[in-house]
Structures are given as C-alpha cells and as structure tokens.
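Please keep the sequence and the 3D view open as you read.

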Amino acid sequence: MKHVVVIGGGIMGLSSAYYLQQLGYKVTVLDKDDFSNNCSYGNAGYVCPSHFIPLATPGIVWKGFKWMFNKQSPFYVQPSLNRSLADWGLKFARSANTRHVTVSAIPLRDIALLSQKEYETWAAIPGFDFAYEHKGLLEIFQTQPVAEHAYHTVEQARALGLEALLLNAEELRQLEPHTKINAIGAILFKCDAHLYPNKLMQGLLSLLQQNGVKLVGSAPVTGFEKNGTTVKKVITPSEDFDAAAVVIATGAWSRDVAAMVNTKIPLMPGRGYSVTLENSPYRLNHPAVLAEGRVAITPMDGNKIRFGGTMEVVSTSTPPRYQRVKGILNAVKRFYPEFDVPMPPQDKLWYGYRPCSADGLPYIGKIKSYNNVVVATGHAMLGLSLGAGTGKLVSEIVNEEKSSIDLKPFRVERFG
C-alpha cells in the first residue's frame, strides 16, 4: 500500500487525505499545530459558485492605496521591503485587469460546482453532520452604482449557468422578515450553500481517524530527503516519514514549504477576522455579503450568526489589528440597524491567514522539480468553499487519473 504524506491540517489537507484514503492509499497528515488553529475554522462557511470573480480585479490596487491609513478599512497591504511581498504585489497588479477576470470565471465556477457536489455527498455520510444548507446567498447593496454593478453580475452569473435573481427592497424584505435591512436591493444567488466550519472540520477529523488516517500534530516540516527527482522522506523535528507521494497543503505557509522542494510560488498571507454570536438574539434566513461594507454574515447551525471580513496582506508575525473587527461591526450596523453587537473581548475574536495567490486563482497540481509532490494552496477567501473539490482533484493527480475539471488555469508554476 503506497504511503502519501499530506502536509497541512486545514480543509485542503484533510479533504485530500479523505479522498486518498478512499482510493486505498495509506495516509498520514502532518500539522504544525494541533489541527484546530487554522483558517478553515473561522471563515463564513460559504460554498459559493457565485464567487467567480477573482481577488485580482481592476481597481483593487488603487483601493488598497486609498485604504492604507484607515484602521477599519476592509482591504490593507502592509508596506514592507520584503522581497516576496514586492514580487507578489507586482504580479498581483499585472493580473488585476478585465481580461483576467473574464478568463478566470469559468475555472472558478467549475471548481466551485465540483466542490459543492462533493460537499453534498459528504452531507449524506451517516454521522457526518456539518449543518449543510443549500438556501442561497444574498449580496445586499445600498447605493445605485453598486446596484448597476449587481445587474451586470447577475447577467454574468446567468451566462455561466448559475441561478441568480436581482431583488428590489420589498423582495429582500420578504426573504428576511425578521429584521430591518437598510438596502435598496440584493442579488439572490440560488446556486450557493453554506455550512458550519467548526462542525465540518471536527467531523472530518473524526471520519479520517475512523478510516485509519494517521494524524500527527506539532509536526512542522523542516525539510525533505530527496533522491534525484523524487522526494523519499518528509522530515520533522521528531520523526521522518517515508513517502511515495507528498501533498503540500500548508495554506499561508505554503510558499516557504514549497521552497524546500525548489518551487517558487507567489503567495502572501491575507489575514481575516470574524466574530460569532453563539446564541444569537437576531435571526436571519440567508447568509449575506454586504456589498459596500465588504462584510460576510452567516446564520449557522441553528442559533449562531458569524460576522467576518477584511483582507490584510501582512506577514504571519504581524500582531492583530482588532480595530478591523470594529469596522466589520460598524458595517453590520449600517445594513442591519437593529443588530447591536458590541465589540467582544479579544479572547472572543478570531483571526486567521488566508493563502493569497498572485492572481486570485488557487495553485493545484504537481511541481516540476520532483515528480511525486503535489501542491494545493492559494485559495484566498474561497478555501472552505473549494475545499472538498480541491481534495478530490489532489487525489486524482496523485492517482494519475483524468481530472474532474481542467487544471491548466491552476498550474502551480504558471508565473515561471
């Protein structure tokens, strides 16, 4: 039985492990922490084919400069002389154009639909409950310019075969009758679903253990033993692991791990924050994106609501800026005036680092230097949404099968 070592205990790593085990591989998953401290837990829980527009879009670079000195802004790039940041920033700026947005839509749609199909299969596994609901997603707007943009977004979605409706204020009120919403309309993306990330990750860990996958925590990878064009062992401080194949799914830390196998991938951490009301006094029927506020809201698991947002391109050693959370809650109040959510104490705030590629598309595939190493990272804010689908694709790559979708747009070394 061939042994695959998966590096990374987030949704990409665990999903890859699940599908590889199903194919008959012996699988070990290594996590630098304890499998509970990663970006897969604190996100908005969207499974969203509607998010077919990549992070690198026209105007985003200018907005980054504009917001640089606003402590509560939704997007921020920390100025630095770091060479990796400069390289990433130049490539990101070059990618932020209309043509790139257009050509990215189909691959992002395809991987999202694949992932959604796989999550629906998971939801049918006995005992694996992660509060999956296919109820759609609202994108709510307050201003006429954004309303006009929404009209074009709906047209794009329909052209891609995704079900989307443009709603006026009254139609929005009918969908969300439990609270007042300050808005002139919304898009309803019927194609979208959502889930409770905490339950998903805990249930997936349990399922892997039941199926014989070995989970090793506190095991940061420090190197690889190589023989020609093959990686033979994965090295950690406490143990070395023989490997017939290796999967690098280390999220925001993937650039450094990939460098150990002579692979350069432009990637930066993008920090986000969230607040979860465990027993919410407020009620919503649908998850929502607040367009002008750039905030995500998700009702989860019956009685919870999560508020999340911001994109801080910073190093993983940068102390958190909790004023960003204040910006999230202020945006919520502007849209939902009856929501009085005080700033929680710091121990109730979550933040994590999303792996941001230089063009808004993930990196999925084999590397050039070693024939048995697969990378799966760079999903930015779509990590959980694309998690199940990415794991399926990784298993197909390792098993040398025809992939479920075209992988060319996600080539790991597409930047040279």
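## A covered strand and its neighbours

Val373, Val375 and Thr377 point one way from β20, Val374 and Ala376 point the other way, and all are buried. Buried here means under 20% relative accessible area, with exposed over 50% and partly exposed in between (1.4 Å probe, protein chains only). In a regular strand the side chains alternate between the two faces of the sheet. Strand β20 spans residues 373-377 and is mostly covered, with five of its five residues buried. Helices (H or I, at least four residues) and strands (E, at least two) are DSSP runs, numbered from the N terminus.

A word on the source: this is a predicted model, in which local features need pLDDT of at least 70, side-chain atom pairs count only at pLDDT 80 or more, and totals for chains, interfaces and linings use all residues. Residues are numbered from 1 along each chain as its sequence is written, and side-chain values use heavy atoms, with hydrogens and water left out.

Which strands flank β20 in its sheet?

Strand β13 (residues 245-248) runs parallel to β20 and is joined to it by three bridges. On the other flank, β19 (residues 363-366) runs antiparallel to β20, with four bridges between them. β19 and β20 also form a hairpin with six residues between them. The residues of β20 that face these partners can be listed one by one.

| Residue | Residue opposite it in β20 |
|---|---|
| Val247 | Val374 |
| Gly365 | Val375 |

Another open sheet has three strands in the order β10-β11-β12, with antiparallel pairing. Its edge strands are β10 (223-227) and β12 (240-242), each pairing on one side only. The twist in this sheet averages 30° from one strand to the next. Five bridges join β10 to the antiparallel β11 (residues 230-235), and Glu225 stands opposite Lys233 in β11. Strands of a sheet pair through backbone hydrogen bonds, either parallel or antiparallel.

## Two cores

Which residues touch the most other members of the largest nonpolar core? They are Tyr119, Trp122, Leu200 and Val398, in a core of 70 residues. A nonpolar core is a set of buried Ala, Val, Leu, Ile, Met, Phe, Trp, Tyr and Cys residues joined through side-chain atoms within 4.5 Å. A second, separate core has 36 residues, among them Leu55, Phe224, Met268 and Val375. In soluble globular proteins, nonpolar side chains tend to be buried together.

Leu200 lies in helix α7 (residues 197-210) and is buried, with a relative accessible area of 0%. Setting aside residues up to four places away in sequence, Leu200 touches Ile11, Tyr119, Trp122, Phe128, Phe130, Leu195 and Leu384; contact means heavy atoms within 4.5 Å. Cys39 is 161 residues from Leu200 along the chain, and their C-alpha atoms are separated by 13 Å.

## Gly270 in strand β14

Gly270 sits in strand β14 (residues 267-277). Is Gly270 buried or exposed? Its relative accessibility is 0%, so Gly270 counts as buried. Leaving aside neighbours within four places in sequence, Gly270 has contacts that include Met311, Glu312, Val313, Gly352, Tyr353, Arg354 and Cys356. Gly270 and Val77 are 193 residues apart in sequence, yet 8.8 Å apart in space, C-alpha to C-alpha.

## The whole chain

How many helices and strands does the chain have? There are 10 helices and 20 strands. The radius of gyration is 21 Å, close to the 22 Å that the globule rule gives for 416 residues, so the chain is as compact as a globular protein of that length. That radius is taken over C-alpha atoms, and the globule rule is 2.2 Å times the number of residues to the power 0.38. The C-alpha atoms fill a box of roughly 65 × 50 × 45 Å, taken along the principal axes.

Buried residues make up 58% of the 416 residues. Among contacts between residues at least 6 apart in sequence, 76% join residues at least 24 apart.

Conventions. Two strands pair if DSSP finds at least two bridges between them. Axes are lines fitted to C-alpha atoms, for helices over the stretch in contact, and angles run from 0 to 180 degrees between N-to-C directions.
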